[in-house]
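Let's take a friendly walk through a protein fold together.

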Amino acid sequence: MKELPSQQIIDILDCAAKMEVKAIDWLGGDPLLRSDWFELMQYAMDNGLKNNLWTSGIPLENIEVAKKAVEVSEGGFISVHLDSLDEGIYGKLHTGDPGKKIRSILKGIGNVQALGKEPQNMINCITFTKLVAGDDVKKTTRYFFEKLGMRTCLTQMCKTGFAGEHTDWIPVIQDIKEACEVRDEVNYATSQLSMSTMDANKFYCGGVICVTIDDDLTPCSVIRKGFGNIYDTSFEQAVEDHKNELLLTDLRDPANLPGNCGVCEHNSVCWGCRATAFYENGDILAADPRCWRNPDNYPNC
Ligand code: SF4
């Protein structure tokens with residue numbers, strides 16, 4: 001398995017602390033499969049950074065791993081990844097024994113919650129595909145909130161990576177509308193605002209810089225086009241050289257919001273999914289082509 005070398009990660013953490021970055025999101029694959037994950041996250045904590053952990057949830061089945069994960073994610077969140085509670089659907093999306101994996105993830109959630117991780121500081125991340133569209137994603141979203149106290153993050157499958165072999169898995173706009181409306185109704189019942197197709201609001205989206213396994217910097221973990229590279233430049237310098245693209249600074253001015261976003265009642269929290277705009281329109285700053293609140297995409301909205 002290809003991994004960023006430990007020393008390179010430490011160098012990034014040093015730069016991040018110096019730049020007054022607030023939190024490090026650890027994604028993979030599964031970051032808990034690294035042999036040095038705990039030491040690296042402890043190092044981040046010791047340097048004043050919070051750790052947000054995006055794991056499949058399976059390693060948390062081990063109580064010792066769960067204890068360490070709770071310890072280093074203090075002040076941050078733990079995200080698990082359970083696309084579906086239905087073994088038949090889950091088995092189409094993931095290799096291995098679906099029943100065993102689902103039970104492992106649920107046991108892992110039970111472990112970290114029993115160890116004191118507050119459910120509101122946990123998320124279930126669903127890669128939103130055609131396979132879970134309809135009743136299944138609604139059931140999973142409700143189960144997580146009502147039974148486990150956890151909100152759901154819906155990451156839209158884009159025309160990249162795994163989706164290249166499964167273009168029929170890419171959901172249509174009606175699927176996305178139904179899933180996101182249930183997410184909003186169940187998870188954000190008291191809010192009048194919606195993030196639409198986004199899996200996080202625009203403040204998270206515009207405040208994240210991703211370092212890929214190839215040393216590229218990208219504005220989003222789904223977008224694989226690099227804006228700067230840290231192979232022979234420091235993280236700090238690469239960010240300085242490309243901060244407008246990486247931090248989407250153009251979109252921070254409401255006058256620059258694309259398409260319908262400029263007049264949308266939700267634009268205080270939303271500017272549409274940048275990965276979808278990039279992969280479908282070739283422009284990271286373009287209007288989200290899958291937002292059902294935009295009459296250009298969905299005339300019945
Ligand atoms: S029109 Fe823009 S701001 Fe409004 S919901 Fe859609 S993507 Fe978000």
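A residue is called buried if 20 or more other C-beta atoms lie within 10 Å of its own, exposed if 12 or fewer do, and partly exposed in between, with the C-beta atoms placed from the backbone. Keep in mind that this is a predicted model, in which local features need pLDDT of at least 70 and side-chain atom pairs count only at pLDDT 80 or more, while totals for chains, interfaces and linings use all residues. Residues are numbered from 1 along each chain as its sequence is written.

Try the definition on Ile102. This residue is buried, with 21 other C-beta atoms within 10 Å. Ile102 is part of helix H5 (residues 98-114); helices (H or I, at least four residues) and strands (E, at least two) are DSSP runs, numbered from the N terminus. Which residues does Ile102 touch, not counting residues up to four places away in sequence? They are Leu82, Leu85, Glu87 and Tyr90, where a contact means that the C-beta atoms, placed from the backbone, lie within 7 Å. Glu87 sits 15 residues from Ile102 in sequence, and their C-alpha atoms are 7.7 Å apart in space.

Now turn to the sheet. Five strands form an open sheet in the order S1-S2-S3-S4-S5, with parallel pairing; two strands pair if DSSP finds at least two bridges between them. Strands S1 (23-26) and S5 (151-156) stand at the edges with a single partner strand each, so one side of each has no neighbour in the sheet. On average, neighbouring strands are turned by 20° against each other, direction ignored, with axes taken as lines fitted to C-alpha atoms, for helices over the stretch in contact, and angles running from 0 to 180 degrees between N-to-C directions.

Look at S4 and its partners. Strand S3 (residues 78-80) pairs with strand S4 (residues 122-128) in the parallel sense over three bridges, and Ile78 stands opposite Met122 in S4. Six bridges join S4 to S5, which run parallel, and here Ile123 stands opposite Arg151 in S5. Is S5 enclosed or open? Five of the six residues of S5 are buried, so this strand is largely enclosed by the rest of the structure.

In soluble globular proteins, nonpolar side chains tend to be buried together. A nonpolar core is a set of buried Ala, Val, Leu, Ile, Met, Phe, Trp, Tyr and Cys residues joined through C-beta atoms within 7 Å. The largest one here has 75 residues, and those touching the most other members are Leu13, Ala69, Ile78, Val112, Phe128, Leu217 and Ala275. S4 gives the most to this core, with five residues. Val112 has contacts that include Leu60, Ala66 and Ile78.

Next come some backbone details. Most residues other than glycine have a negative phi, and most peptide bonds are trans. Glu20 has a positive phi of about 65° although it is not a glycine, and Leu248 has a positive phi of about 50°. Glu20, in the loop between helix H1 (6-18) and S1, counts as exposed with 8 C-beta neighbours inside 10 Å. Leu248 counts as buried, with 21 such neighbours. The peptide bond from Gly28 to Gly29 is cis, with omega near 15°, and Gly29 lies in the loop between S1 and helix H2 (37-46).

Technical notes:
Contact = placed C-beta atoms within 7 Å.
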